Amino acid sequence: MSYLRFEKAVMTNLEESIRRELLRTNRSGAYSCSTIVDCNTRKYHGLLVVPVPELDDENHVLLSSLDATVIQHGAEFNLGLHKYSGNNYSPKGHKYIREFDCDKVPTTLYRVGGVLLKKEVVFQAYEDRILIRYTLEDAHSATTLRFRPFLAFRSVRQFTHENTTASREYHEVDHGIKTCMYAGYPDLYMQFSKKNEFVFQPDWYRGVEYPKEQERGYASNEDLYVPGYFEMPIKKGESIVFSASTSAIKATTLKALFEKEVSLRTPRDNFYHCLVTAAHQFHFRDRRSGSSEKLDDNDDRYLLAGYPWFKCRARDTFISLPGLTLAIDEQDYFEHVMKTAEKGLREFMQGKPLSGKIYEMDQPDVPLWAIWAIQQYVKQAGKEHGLKMYGKLVFDIIKYIVAGGHPNLRLDENGLLYANGRDKAITWMNSTANGRPVVPRSGYIVEFNALWYNALKFASAMSAEKGDEKTVADMEKRAELCKESFVATFMNEYGYLLDYVDGNMMDWSVRPNMIFAVALDYSPLNQEQKKSVLDVCTRELLTPKGLRSLSPKSGGYNPMYVGPQTQRDYAYHQGTAWPWLSGFYMEACLKLYKRTRLSFIERQMVGYEEEMDYHALGTISELYDGNPPFHGRGAMAFAMNVAEILRALKLLEKYSYQK
């Protein structure tokens, strides 16, 4: 039995099926996404969503959906599904679904009377092309298929509405047509592996509604343009492949291309393989060498922070990198991404304009997370090789910080790092309202300084590997000063760490940022202090879906990420649970208690495995409500969450084999 499989009872129950989303991506930032019943519920959903760099830095929905209709004896059975205002669904094609399977590729089986039609979908790995294969498994009489494409040609952040500007012009191509609704957009090529008839029948489908946008307090209606329909007969046992892309393809190659793409897929037959597939979805390649599938050393490689609206962000990149690459034994991709990221980091440190596509490089903790990522690489690749690859970068970052090079990171005489976050969010807790941080973390910030101590000790170990005793002495002296000040500044009489200290301002809120001081390889805390901090995190912050961003006992606890944008902004880091934090929590548990906590960590993993078939299939949502039943919220796939669960699984395996 397939790991991700749903029977008819689930598929035909919209309350169950419409909340389950399915994401398919390629390596250029394009994607295809909808619900498992193909009813779009977000403005970000679409069958072909691609970046259009000639227009802006956003993704754009070109093809919203494709409705298939089965025709027998003049009777039409439309397999599509759209939501309209008033909670009206039409044409209710979900009632024909017999089962859905997402093992290797998403596969839907429809039964219409004596007709059994199978639909399989893949997104081409290195091209902006969605491929759908329809196979007539069974039929007792002549059968015809009709396909209506619903076009949007708009940014994922906007809506399209009926207008007279949209072009109705189309041109015939090999077994299909190409069309473009607005100037500046690429042509959309819609082709089939089989010769067909295209009937030009232009119309607007008005009032399509997206309930996820309603939940988020946004506008939620749009009109979609249908230029006409394609029609062709299909015989029992025959397969027809549909392609939608920004480039033409030879129609006779579509079947072979589909088979090739399927062969490249990793089956999602267990929890680990789901996460590996999810990890690959965040890969992003800036193809300087054109559209060839062959990777070029000149290509920039990135990690997207999440889907469907996140871009490449510096902090997310360095936190995600070890889990998305090293934890699944893909050291080469770590090196590819780090090569691109190092270039951006050096450009920033040298005061040069950034030439790449990594955002928020100016955040003060970014260089500290870069050193942490390199530290994970060294543990896996070995000290000698790690020093050769990234030793200079580590020491250059530390010199840069010590010299006061960063505009918002000051090394004080007490050995701690100070950053100003009163007016602008500078940590991962970055939500803002009315132009100001919701959580204005400023001054001596707990994880910044835990990372700084860890970086100094790591640099000391790297220097010892080189035999550089002078640098070892300097790093150790700085680390010892940092350690003394860290404990004096952050450790309180209740056994946990203050979140930040800025002059006389001390934040006594119980937040998860203190977990890093326990989880990092080098901690400024002693064993007793580590256990005390971990105990507080366990009692007040731990949920089945990650650590809460704020304890229920602290003022301002707001665990439900629902409602309009402003309401969600105030809840974003005020009690919601974040899975990526639990990766560090589990690491801390294993380091402190080793094998005695293995069964406990295994039970924690159950909460994440449950997510594989609950929200976005096979991946982990951005955040979760801090109170039961811990619903997934925000983006459907979040890189740091997938990364840290993968890294925790790797650690779990390591400790399981230790005696």
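Reader: Where is the place of proline 91?

Author: Proline 91 sits in the loop between strand E8 (88-90) and strand E9 (97-101). Helices (H or I, at least four residues) and strands (E, at least two) are DSSP runs, numbered from the N terminus. Residues are numbered from 1 along each chain as its sequence is written.

Reader: What is the average pLDDT of the protein chain?

Author: pLDDT is the predictor's confidence in each residue, from 0 to 100. The protein chain averages 95, and 98% of the residues score at least 70. Over residues 289-293 the pLDDT is below 50. Where pLDDT is low, the predicted coordinates should not be read in detail.

Reader: Which peptide bonds are cis?

Author: Most peptide bonds are trans. Serine 90 to proline 91 is cis, with omega near 5 degrees. Tyrosine 307 and proline 308 are also joined by a cis bond, omega about 10 degrees.

Reader: Which phi does aspartate 38 have, positive or negative?

Author: Most residues other than glycine have a negative phi. Aspartate 38 has a positive phi of about 65 degrees. Lysine 594 has a positive phi too, about 50 degrees.

Reader: Is aspartate 299 buried or exposed?

Author: Buried means under 20% relative accessible area, exposed over 50%, partly exposed in between (1.4 Å probe, protein chains only). Aspartate 299 has 4% relative accessibility, so it counts as buried.

Terms used:
This is a predicted model: local features need pLDDT of at least 70, side-chain atom pairs count only at pLDDT 80 or more; totals for chains, interfaces and linings use all residues. Side-chain values use heavy atoms; hydrogens and water are left out. Contact means heavy atoms within 4.5 Å.
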